[in-house]
Structure formats: C-alpha cells, structure tokens
Amino acid sequence: MYNTCHNTPNMYQTSGPDHDFFARRCIWVNGPVIVGAGPSGLAVGSGLRGQGVPFVMLERANCIASLWQNRTYDRLKLHLPKQFCQLPNFPFPEDFPEYPTKYQFINYLESYAKHFDINPHFNETVQSAKYDETFGLWRVKTVSTSSSYPCEVEYICRWLVVATGENAEKFLPEFEGLQDFGGHVMHACDYKSGERYRGERVLVVGCGNSGMEVSLDLCNHNASPSMVARSSVHVLPREILGRSTFELAVTMMKWLPLWMVDKILLIFARLILGNLEKYGLTRPCLGPLQLKNTHGKTPVLDIGALEKIRSGKIKVVPGIKRFSSGKAELVNGEILQIDAVILATGYRSNVPSWLKENEFFTEDGIPKNQFPNGWKGNTGLYAVGFTKRGLSGASLDAISVAFDIAKSWKEETMQKKITVAARHRRCISHF
C-alpha cells in the first residue's frame, strides 16, 4: 500500500519537556490519502476497497466516527429513517428500529469498517496538506501520538480526500460578559445527559435540532430550561400521516416543484403543530427545503420539545444581550437568573487550519461549488461530507469520489505497466 522513504528517529534522552525530539518519516502512498474516519471517510474507503484501490486513512481521534462516539448526547437518535442514513453497499440490520439510537449507529459504523477491512491510522493529526507543483503530488504532514513518543510523518500521494466534514469543530460565538457569569458553561458537544442539572435553571443557546433535544432532555430530568431563539426557524413534525416527513418530501419532489412541496409541508405543519409564533418561534420567509438548499439550514423535526414549550416547561426567549454573575440579559431587556449555560451553537469545518489551498474551498472550509458539484477539485483534490445534506449527501459524493479516483488509479497503474514492459523490451533488444 505504501513505502517508507526514510526513517530517522531522533529519540534522545532529555532532561525536560522543552527538549522533545520527533521521529520523522516520509511515506509514499500508492493511492489516495483520506483525512477523516467518520461516515464520509468510511464511505469513500468502502468504494475504493471495492475497486481494489489501496489507500491510507488518517484520523486524529482514537476511534472511527469520533463525533458520534465522543461528542453526542446519550438520548440522540437519527432524525431521519434508517434507509436515508445508511452508507453505500451496506444496509442497516433489519432488526434496527426505523430511527436507530446513537449506539446502534456507532455499532453499524464499526461493522461497516470491519466488513470492508478499513483500518484507519488513529491518533494521527494532520498539520498541513499542500500540493507540490513541481512533482504533481500532495504532501500531507501529520503528528502521530499513538506511541509513547510523538512522531512526525509526511505522506506523499497523488490524490487527497478531505472527509473531515462540516462538523469538525464546535462553534463558540462570543458573548459579552460570559467570563463573568460564574456558572457552568459547556458546548452541546460535551453534553451527555440532564442528570447533573436536576433542579437547575439552564439557558440553552440555540433552537436547532440540538437545542430542542437538549432542552427536552433537561425537562425530562426535572431541570428548568430556557431556550434562546435568536433567529427564525422551521419546525416540522417528524412524521405526517404515519410517514416520515423527510420521506414524504423526497417522494413529492419527484413530481412537484420544490416551492410547492414547501407549501404542502408548511400546511401540514400548521395543521399538526399549530401556530408557533405565540410561543416565540417564528418561521423564515423561505420554505424549509429552499432554505436548506440555499443556506444549509436544517429544519427542526419535532420529537416532543413542542409539547414542553406549549406547557411552559421549556421557555423560549429572544437573543442574549450580555451575561453577568448568575444572570443573562436578553435583547428585550428581560433578566434571567440562571445556574448554567449550554451552547447549542453548532459546528464548523476545520479545513482552513490545515489545507494549504484556496481555490476549491471557501474561507469557511466549505467547497465553493454547491451540491452535487462540490466533490471534485483540481490536482487530485476531493471533498466528502460537505453537502449540507446529511449522510445521504455524503454517500452520493463518496460514490462519485471513489469511482473517479479508481478510474485515474487504474489508468496510471496500466500506464506504468506499459512503460516498464517497454523498458524491458528495449533491454532485451540490446542483447
């Protein structure tokens, strides 16, 4: 799969932490390097494995799907039916429920990696990836911490697949006075359960799917959550007439224009959920599907939070003006006495921090070309997991990427064989 160009360890005994030395290695990869071992990376890996293309997969964490394993709350379930969340060439087990739990999904991903014999290099963080114009190759520099000594490694390859996705890093907006708050503050990625918040007044910042679910979980553990709805949001029932709302929308889009599907969804939402504005939740001007397509903003699929909002157990409040000791002042002048803050403020791409390239990705680390044309760049660069269309979008891009790389790899491999054969014939002709 790959060859070591040189291996020059510098393991000297030192007298202190300021004198660390690194082992440095350079490795040629006869195939692509895939950065990220989440669902996107695994989907690409399975496609390449099926085409017989070797690859190296790099993962900074110590496990596959670290976002799911380490940065999700206990009650999480897939928001969409399982048929829309499975990866290529490997369906969910039939005995899984329609909406698998986070633990079932992790089990599915681990089975996926085992089935396709995908073995990532864990604890290996990419420091930089740069295209070498002179040689027409990618140079991917990493630091591996899998052994007792950190080790710098440089991978040289023809193709680079960025599969770190849209949710690589938690997004932490700045709030005036938050440092003076004095209570417990955490991002939703570190939230596991409302057990520790029993009897506490908790401010949940954000009203997307995570904000809604965290607020619901806090309620179920007898906490008193207030949820910040700074901007408008589409809330839809998870199911309509016994069918998944998402599945229904996908079916209607085969026959109807998007704007009409949006209209129908909003009519159903009004009939089933009622008028949400009186609870502080206003709808955007654009329809839910159009908003998702143009701005990547996912509608909330209600799984019980609205019932708690109607009953007053979850209080919806407007934006935050500033924090102070034990308090939050809202933009409407209201003062909330609170014990803790949970920031359900989302995630962002980390691509700009390590990929030295500015043609394919935006400053925010998202491909400039929108789905379905955002998976392929120039010079052997690819992206998977940036479609803003969840696991189904990632799977579609992964299939395209694996097929495209396999085609190039086979052509180059065949060309090398022809070249070697020609040299061999020339050598024979001299005798």
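## A threonine tucked into a helix

T245 lies in helix α5, which covers residues 245–253; helices here are DSSP runs of H or I with at least four residues, strands are runs of E with at least two, and both are numbered from the N terminus. The model is predicted, so local features need pLDDT of at least 70 and side-chain atom pairs count only at pLDDT 80 or more, while totals for chains, interfaces and linings use all residues. Residues are numbered from 1 along each chain as its sequence is written, and side-chain values use heavy atoms, with hydrogens and water left out.

Is T245 buried or exposed? T245 is buried, because its relative accessible area is 2% (buried means under 20%, exposed over 50%, and partly exposed in between, using a 1.4 Å probe and protein chains only). The side chain of T245 reaches the backbone oxygen of P237 at 2.5 Å. Setting aside neighbours within four places in sequence, the contacts of T245 include L236, R238, I240 and L265 (contact means heavy atoms within 4.5 Å).

## The whole chain

Let's step back for a moment. The protein chain has nine helices and 23 strands, and its C-alpha trace spans about 95 × 65 × 40 Å along the principal axes. Of the 431 residues in the chain, 48% are buried. Among contacts between residues at least 6 apart in sequence, 63% join residues at least 24 apart.

The accessible surface of the chain comes to about 21,800 Å², and 51% of that belongs to carbon and sulfur atoms (areas come from the Shrake-Rupley method with a 1.4 Å probe; for residues, only the protein chains shown count as cover).

## A strand covered on both faces

Which residues of β21 are buried on each side? In this strand (residues 340–343), A340 and I342 are buried on one side, and V341 and L343 are buried on the other.

Strand β21 also has partners (two strands pair if DSSP finds at least two bridges between them). Strand β10, residues 184–187, runs parallel to β21 and is joined to it by four bridges; here M186 has I342 as its bridge partner. Strand β11, residues 201–205, is likewise parallel to β21, with four bridges between them, and V205 has L343 as its bridge partner.

Strand β6 (residues 137–144) is mostly covered, with six of its eight residues buried. Eight bridges join β6 to strand β5 (residues 124–132), and the two run antiparallel. Y131 finds its bridge partner in W138 of β6. The hairpin of β5 and β6 has four residues between the strands, and G136 takes a positive phi near 65 degrees there.

Next comes strand β7 (residues 151–157), which runs antiparallel to β6 with seven bridges between them.

## Charged pairs

Side chains of opposite charge can pair when their charged atoms come close. How many salt bridges are there? The count comes to 13 (a salt bridge is a side-chain nitrogen of Lys or Arg within 4 Å of a carboxyl oxygen of Asp or Glu). One of them joins E412 and R158, with the closest N and O atoms 2.6 Å apart. This pair links distant parts of the chain, 254 residues apart: E412 sits in helix α9 (residues 390–429) and R158 in the loop between β7 and β8. E412 counts as partly exposed at 24% relative accessibility, and R158 is partly exposed at 23%.

E195 and R198 also meet in a salt bridge, at 3.1 Å from N to O. Finally, D132, R139 and E154 are linked in a network of salt bridges.

## At the surface

G199 is found in the loop between β10 and β11. Why does G199 count as exposed? G199 is exposed because its relative accessible area is 62%. Not counting residues up to four places away in sequence, G199 touches N222 and A223. G199 and F246 are 47 residues apart in sequence and 36 Å apart in space, C-alpha to C-alpha.

I272 lies in helix α6 (residues 258–273) and is partly exposed, at 43% relative accessibility.

Methods
Polar contact = N/O pair within 3.5 Å; in protein donor to acceptor, adjacent residues only side chain to side chain.
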